[in-house]
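Biologist: Could you walk me through this structure, one feature at a time? I would like the general idea first and then the case at hand.

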Amino acid sequence: MPKISILVAVYNTAAYLPQCLDSLLSQTLKDIEVLCVDDASTDKSLEILHQYAEKDERVKVFALKENRGQAHARNVGLSHATGDYIGFVDSDDWLSRDALEKVCESFRDDVDSVLFRVLYAYPDGRMRDYEMSPFTTMTGDEAFRASLTWQIHGCYVVRNSIHKAHPYDESQRAYSDDNTTRIHYYYSRKVAYCEGVYYYRQHTSSTTHNISVRRFDFLLANESMRRQLLSLGASEETLRCFETVRWLNLVGLYMFYFLHRHELSPTDRQHGLSVMHHVWQTINLKQVNPSIKRKFGLQEEVYFWLRGIVGRNK
């Protein structure tokens, strides 16, 4: 049984894939498996994967005939993972040579998840740390709460038993994998931090940087997270925290819509309005922190904006 299984979901990243795979296969920790799932790429990604698999038996390749999204691709890899611990590396990102060794050193009997040090990597060569308050370990509950507002990031390795019990949320093609991260922290006894570096490539082609109707999936992923919190029997305090997050995310997406609505097609505008109205109806306003609404001057203005969005398509 390998020490760590790394899931690599691949879709049209031929330009970056060799750097990703080279960083994994040159790890100081050799006892790993690299599970690569090609999500019906139309470039040379699958060809590159097969070339690496021929050279190194630790690389296993799975090819999907239909594009199903990152969460589904990761779940395919997860179903074949045999490592004591399981993590992921996006196919356009890469790790420092000692990253996985440092991860293993940070696991203890009561530690179930380990976070990398994340460095944003920009096209001009600049690097910037993901800003987090320093910590060595925190309880799973503390990490779960911190992840609701991304005070801690979601680049990590988790015990096999937890990941197999809680595979990736496929409710949306984008964003819903964040929910899985939070659930993994929730079920961890302790979450640790290590200095192994995860290099997180920043480029303008990502969903979060584009003016796209896919942005509204974020709200639906948030709704899925709330359903999961309710099924877990989350505390009132946690629900209040997340409803406040959902409110702020809805406000943010409405402002995105307001600023960029003319760059969306009529169909996409109507879809965005429909999603926002639906999510607005699901938010428990009694659980939204009133001080947050006052802080941003949104208590009355946004309330009436959101109440009026249904049927509007400016």
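Modeller: Gladly, and let us begin with contact, which means heavy atoms within 4.5 Å. This is a predicted model, in which local features need pLDDT of at least 70 and side-chain atom pairs count only at pLDDT 80 or more, while totals for chains, interfaces and linings use all residues. Residues are numbered from 1 along each chain as its sequence is written, and side-chain values use heavy atoms, with hydrogens and water left out.

Biologist: Which residues is Phe116 in contact with, leaving aside its neighbours within four places in sequence?

Modeller: Its partners are Leu95, Ala99, Leu100, Val103, His153, Cys155, Tyr156, Val157, Tyr193, Cys194, Gly196 and Tyr198.

Biologist: How many residues are in the largest nonpolar core, and which touch the most other members?

Modeller: A nonpolar core is a set of buried Ala, Val, Leu, Ile, Met, Phe, Trp, Tyr and Cys residues joined through side-chain atoms within 4.5 Å. Buried means under 20% relative accessible area, exposed over 50%, and partly exposed in between, with a 1.4 Å probe and protein chains only. Here the largest core has 71 residues, and Ile4, Val34, Phe116 and Ile152 touch the most other members. Strand β1 (residues 4-10) gives the largest share of this core, 6 residues. Another core, of 19 residues, lies apart from it and includes Leu220, Val251, Val275 and Val279.

Biologist: How should I read a pair of packed helices?

Modeller: Two packed helices are described by the angle between their axes and the distance between the axes. The axes are lines fitted to C-alpha atoms, for helices over the stretch in contact, and angles run from 0 to 180 degrees between N-to-C directions. Helix α9 (residues 236-260) and helix α10 (residues 266-282) pack at about 160 degrees, with axes 11 Å apart. Angles under 35 degrees count as roughly parallel, over 145 as roughly antiparallel, 65 to 115 as roughly perpendicular and the rest as oblique. α9 and α10 are therefore roughly antiparallel. In their contact, Glu243, Arg246, Trp247, Leu250, Leu253, Tyr254 and Tyr257 of α9 meet Arg269, Leu273, Met276, Val279, Trp280 and Thr282 of α10.

Biologist: Is Leu273 buried or exposed?

Modeller: Leu273 has 2% relative accessibility, so it counts as buried. Leu273 and Phe216 are 57 residues apart in sequence and 9.2 Å apart in space, C-alpha to C-alpha.

Biologist: What is the angle between α1 and α2?

Modeller: Helix α1 (residues 17-25) and helix α2 (residues 45-55) pack at about 25 degrees, with axes 10 Å apart. That makes α1 roughly parallel to α2. Leu17, Pro18, Leu21, Asp22 and Leu25 of α1 make the contact with Ser45, Ile48, Leu49 and Tyr52 of α2.

Biologist: And how do I read backbone phi?

Modeller: Most residues other than glycine have a negative phi, and most peptide bonds are trans. Asn12 has a positive phi near 55 degrees and sits in the loop between β1 and α1. Asn12 is partly exposed, with a relative accessible area of 30%. Trp150 also has a positive phi near 55 degrees, in the loop between α5 and β9 (156-159). At 25% relative accessibility, Trp150 counts as partly exposed.

Terms used. Helix = DSSP H or I, 4+ residues; strand = E, 2+ residues; numbered from the N terminus.
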